[in-house]
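Here is a note for someone opening this structure for the first time. The points below go through selected contacts and elements in turn.

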Amino acid sequence: MEPLYGPIRDYAWGSRSAIALLQGRPVPSAGPEAELWLGAHPGAPAQVDRAGLRVSLCDLVRDEPGQWLGQRVSERFGARLPFLLKVLAADAPLSLQAHPDAEQARAGYAAEAGRPEGRRNYSDPYHKPELLVALTPFEALCGFRDPAESAEALAAFGVPALTPVVAALRAGPAGLRTAVRTLLGWPVAERHELLASVLAASADSPDAELARRLAKAYPGDPGVLVALLLHHVRLVPGEGIWMPAGNLHAYLSGCGVEIMAASDNVLRGGLTPKRVDVDELLRVLRFEVLDDPVRAAQPVGPGVDWWPVPVDDFALHRVRVDAVVPSVTLSLPGPRVVLCAGGSITVDDGAGAMTLVSGEAAIGTAAGEPLRIEGSGVAYVATSGLR
């Protein structure tokens, strides 16, 4: 194993405490710290030491895919690390968004070839399923809830202009597309008036409280009402949410470990000053009810849990070592990225052992032996999902 140095992205919605506390730095940080990236995504690759210099993991993987990825991962995904591990820390709501499936991503990327960057929806030809596991209490919107519940929530505002949307939702899942299109297509000149009417008539309910909160962050944004069509999820540490292709979602607050396929394809649906391509979003969205977006950790051995997902780009395991379980050995395929999320651990893949404290990370190549973790602390281990 060797040290992995991840860049921190300073998006405006980021926390000035969560990542700093994880890494044992002074709080508050100098500015917002939204995401710690631990991967080989070209947008912000992590680095490793080479001859006294830090070099891009993206370059190493590209130049030495057999060493870093191994034959199976290279054959399946090419000369690229197929997953990206992050620590995400939100102090303000992120945009409503969805991601394409693999076929949609390939077709969309090819169709937009030659477009200027500001007019493109697809930055690469890959899908972007995501799993987030809460490190702190975490709040999110994830997946369409029962349209009948959403209809009652909007009807309770008593705003006549919303009558067509309420009627569409009362038609069941078949009306979800119409409801979303109507809200996102609301005339720009009338959006502030619509939301002002909703907020003025707000009942004392969780939906009304959420609408007020989102409208304060994004005044005049129709995504405020689209958000009320989704599950409002509150995770306790250790719970996860799975966001497959076509699933509309948004993070609201909290800190978590996130793992995803290494892509940057995002179709936005509101709660953002950025461009929203309504037609493309509607083409990608899956208009179906998500029964339960929350995923509990599943034990796979003493001190080891995981959150199984139906993709082979990535897998995420959590290892907890202490006086009861002082060491764990994982026979997981390489490459492996290990993040220490608390305490102090020693990781060894046969190529070298190293000690990590909270907020530090390490990486091992596909050539490594089974991974041994010992000490007293918590580790998140990211690998490909190939078995």
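Is Lys128 buried or exposed? Lys128 counts as buried, because its relative accessibility is 5% and the limit for a buried residue is under 20%. The structure is a predicted model, and the points below should be read with that in mind.

1. Lys128 and its partner. Lys128 forms a salt bridge with Glu130, and the closest N and O atoms of this pair are 3.5 Å apart. Glu130 has a relative accessibility of 2%, so Glu130 counts as buried too. In total, the structure holds 20 salt bridges.

2. A salt bridge across the sequence. Arg76 and Asp312 meet through their side chains in a salt bridge, at 3.0 Å from N to O. This pair links distant parts of the chain: Arg76 belongs to helix H4 (residues 70-77), while Asp312 is in the loop between E16 and E17, 236 residues apart. Arg76 has a relative accessible area of 43% and is therefore partly exposed. Asp312 is also partly exposed, with a relative accessible area of 22%.

3. Within it, Arg62 and Asp63 form a salt bridge whose closest N and O atoms are 3.1 Å apart. How exposed is Asp63? Asp63 has a relative accessible area of 52% and counts as exposed, because the limit for that class is over 50%. Arg62, at 48%, is partly exposed. Asp59 is partly exposed as well, with 33% relative accessibility. Asp59 is found in helix H2 (residues 57-63). The C-alpha atom of Asp59 is separated by 9.0 Å from that of Pro42, a residue 17 positions apart from Asp59 along the chain.

4. Strand E6. This strand covers residues 83-90, and eight of its eight residues are buried. Which residues lie on each side of E6? Phe83, Leu85, Val87 and Ala89 are on one side, and Leu84, Lys86, Leu88 and Ala90 are on the other. Both faces of E6 are covered. In a regular strand the side chains alternate between the two faces of the sheet.

5. Neighbours of E6. Strand E3 (residues 35-39) pairs with E6 in the antiparallel sense, over five bridges. Leu84 in E6 is the bridge partner of Gly39. E6 also pairs with strand E12 (residues 249-261), again in the antiparallel sense, over eight bridges. There, Glu258 in E12 is the bridge partner of Lys86.

6. Aromatic pairs. How many aromatic pairs does the structure hold? The structure holds five. One of them is formed by Phe144 and Phe287, whose ring centres are 5.8 Å apart and whose planes are at 25°, so this pair is stacked. Phe144 is in strand E9 (residues 138-144) and Phe287 in the loop between helix H12 (278-284) and strand E14 (294-295), 143 residues apart. Phe144 and Phe287 are both buried. Trp307 and Tyr380 also form a stacked pair, at 6.3 Å centre to centre and with 20° between the planes. Trp307 lies in the loop between strand E16 (304-306) and strand E17 (315-321) and Tyr380 in strand E22 (residues 371-383), so this pair ties together parts that are 73 residues apart in sequence. Trp307 and Tyr380 are buried.

7. Charges over rings. Arg54 lies over the face of Tyr5, at 3.4 Å from the ring centre. Arg80 has its charged end over the ring of Tyr126, 3.5 Å from the centre of that ring.

8. Helix H9. Residues 188-200 form this helix of 13 residues, which reaches 19 Å from its first C-alpha to its last, close to the 18 Å expected at 1.5 Å a residue. Where do the buried residues of H9 sit around the axis? Arg191, Leu194, Leu195 and Val198 are the buried residues of H9. They cover an arc of only 95° around the axis, so they are on the same side of H9. An α-helix has 3.6 residues a turn, so residues three or four places apart point the same way. The face turned away from the buried side of H9 carries the exposed residues Ala189, His192, Glu193 and Ala200.

Note on methods:
Residues are numbered from 1 along each chain as its sequence is written. This is a predicted model: local features need pLDDT of at least 70, side-chain atom pairs count only at pLDDT 80 or more; totals for chains, interfaces and linings use all residues. Side-chain values use heavy atoms; hydrogens and water are left out. Buried means under 20% relative accessible area, exposed over 50%, partly exposed in between (1.4 Å probe, protein chains only). Helices (H or I, at least four residues) and strands (E, at least two) are DSSP runs, numbered from the N terminus. Two strands pair if DSSP finds at least two bridges between them. Rings of Phe, Tyr and Trp (its six-membered ring) pair if their centres lie within 6.5 Å; planes under 30 degrees apart count as stacked, over 60 as edge-to-face and the rest as tilted. A charge sits over a ring if NZ of Lys or CZ of Arg is within 6 Å of the ring centre and within 35 degrees of the ring normal. A salt bridge is a side-chain nitrogen of Lys or Arg within 4 Å of a carboxyl oxygen of Asp or Glu. The expected span of a helix is 1.5 Å times one less than its number of residues. The arc is that of the directions from the helix axis to the C-beta atoms.
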